[in-house]
Amino acid sequence: MVKKKEMKKEIYKYKVLNFLTRKFELKKQEPSLDIKEAFHMFAKGGEYMSNDQLLGFMLEHQGDKNCTLMDLEVVLLQIAGNSNTTSREQGLSLMEFINFLLLDDFNGPLKTEIHHDMSAPLSHYFMYTGHNSYLTGNQLTSDCSDKPIIEALQQGVRVIELDLWPSSNEDGIKVVHGRTLTTPVLLTKCLESIKKYAFVKSDFPVILTLEDHLTSKLQAKFTKKATQIFGDMLYYPKTDYLTEFPSPESLKNLVVISTKPPKEYADSNSVMDKGSNNNHKQNESELSSGEEEELWNVELPDSMAQLTTEENNVSDEDTNICDFKPNLQNAPEYKHLIAIHGGKSKGSVKDRLKADSEVVKRLSLSEKKLKSASESHGKDIIRFTQKNILRVYPKGERIKSTNFRPHLGWMYGAQMVAFNMQGHGKSLWLMQGMFRANGGCGYVRKPEFLTRTNSHEDEFDPRRTLPVKQTLRVNVYLGVGWRSDFGATHFDLFSPPDFYTKVCLVGVPTDCVKKRTRVIKDNWLPVWDEEFEFPLTVPELALLRIEVKDKDKGKDDFAGQTCLPVSELRLGFRSVALHDRKGKKFKSVKLLMRFQLEIF
């Protein structure tokens, strides 16, 4: 009897909530004055906007110079399908005009085509880069798999990292995070998945950065496997050492190998056995072909803190090198596969940043080392990245696969800011935002001030306060779609949500600022109608981070986010689709916003 009463009570609550939800959902506020003024201007004061007038609005107000009536036809038919016969003949009403503006596929905030010059050397581009691309979770105990590699490639990531270790499996080589408790995955499986998904999102090259712990015989075996699997997709450099990197355009639909060549491994000192006390050198002869050295399956120290020092970071292929000297004569084919050579790990950071006038290379630094180096050698880093490639990877303390703020690398020209793609959060949102630029192809042309050779006085310094170049004005008008994409009780059990929007500018330190709208209470269709101004000294590196939250007594609930590169914004009224925490686009949730730019 008690259970029946409780059930009836819950049903009653649900009916009341459903009624309230429907009531508040219909509680629409007046459209913004900006939108009404634009409508009446192009509709010549009438109640409806004709097709020709709509085209005039797109050309003059929105600045979409290539828009035609033919482009609008399908969209207008879609809107007309939800209208009565009279309005179809007369044109768009004000509310239909707003619905038109909310079509993010047609009226989105970013250019969708590839429009950067792709013929410059690779060193002139930021590249969408993964770190330990095979890991499904944390850095110590998660599974290794080809699935995160597939997901990364489908999202447009262009640089995939594989850690190669000897194994007793049929491959003879496993992909695993060495000296941890992560479970390995077959090399063959990874390579086959890379081949299948490499160019589903972008035609531009996929770069494989290899952390190589193989004997020369296994290096030869890797060469054979890579050649068999990739075939004509595999890029072979014409010379052993490049004096300039090829362009993304010239490498379309090709897989490029980057690692330290065998000679570099032979010249390097043996490193500490991370996670154990074994510092001895191991000879190639000690590893028989049928024996697997389970370096990842070691006893972990009692204190996890011992694994979180800079020296214990096993992510750097420049320092975590092979514990033996390979026979160089046994792996000439492997050497010839390497197009982007990893630089030496010995010496001070300043010495490592000295650019060789004859050959180009790639250098890897942890976020911690880069931050330290930037304080005293910032200009050296920028000079180095004008011809060479700098890869920046997460520090060893990030056991949970979190990420750092990517501008740490981008401000100094680092092309490969390597991220844990499973480490969802604000830092990854910024990474995803940057690579929505240039049609989402995974390569973004660096600003000219990071690639041109200047006198020492004119060199770019991201820490210096520069004059304001532009002012970005952002209007946040309204939001829709939560009622469709979320359950009725997702945010609040007995009332509609209380939404507000955070608008943040992220870039060089002087440009960073956070702003937010007021809270709109009890409304699934919030109308904020607020404007924000953002002075920009380096707009080329600026990202606009947008996040909607539901105000709560405790922790505010997440309601969607996106991140947009300022240099790629389409001006005017735009529909801004929001994404979930992982970066997946919601079906219906979007904001109606406006972007205006004043250039000084």
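**Positive phi and salt bridges**

Modeller: In this predicted model, Asn-132 has a relative accessible area of 1% and is therefore buried.

Colleague: Where does Asn-132 lie, and what is its phi?

Modeller: Asn-132 sits in the loop that runs between strand 1 (125-130) and helix 8 (147-154). Most residues other than glycine have a negative phi. Asn-132, which is not glycine, has a positive value, near 45 degrees.

Colleague: Is Asp-522 buried, partly exposed or exposed?

Modeller: Asp-522 also has a positive phi, of about 50 degrees, without being a glycine. Its place is the loop between strand 14 (513-516) and strand 15 (527-536). Buried means under 20% relative accessible area and exposed means over 50%. Asp-522 has 25% relative accessibility, so it counts as partly exposed.

Colleague: How many residues apart are Arg-391 and Glu-161?

Modeller: A salt bridge joins the side chains of Arg-391 and Glu-161, with an N to O distance of 3.2 Å. Arg-391 belongs to strand 9 (residues 389-393) and Glu-161 to strand 2 (residues 159-166), and this pair links distant parts of the chain, 230 residues apart.

Colleague: Which parts does the salt bridge of Lys-225 and Asp-171 tie together?

Modeller: The side chains of these two residues meet at 3.3 Å, N to O. Lys-225 is buried at 17% relative accessible area, and Asp-171 is buried at 2%. Because the partners are 54 residues apart in sequence, the pair ties together helix 10 (residues 216-230) and the loop between strand 2 and strand 3 (173-175).

Methods:
Residues are numbered from 1 along each chain as its sequence is written. This is a predicted model: local features need pLDDT of at least 70, side-chain atom pairs count only at pLDDT 80 or more; totals for chains, interfaces and linings use all residues. Side-chain values use heavy atoms; hydrogens and water are left out. Helices (H or I, at least four residues) and strands (E, at least two) are DSSP runs, numbered from the N terminus. Buried means under 20% relative accessible area, exposed over 50%, partly exposed in between (1.4 Å probe, protein chains only). A salt bridge is a side-chain nitrogen of Lys or Arg within 4 Å of a carboxyl oxygen of Asp or Glu.
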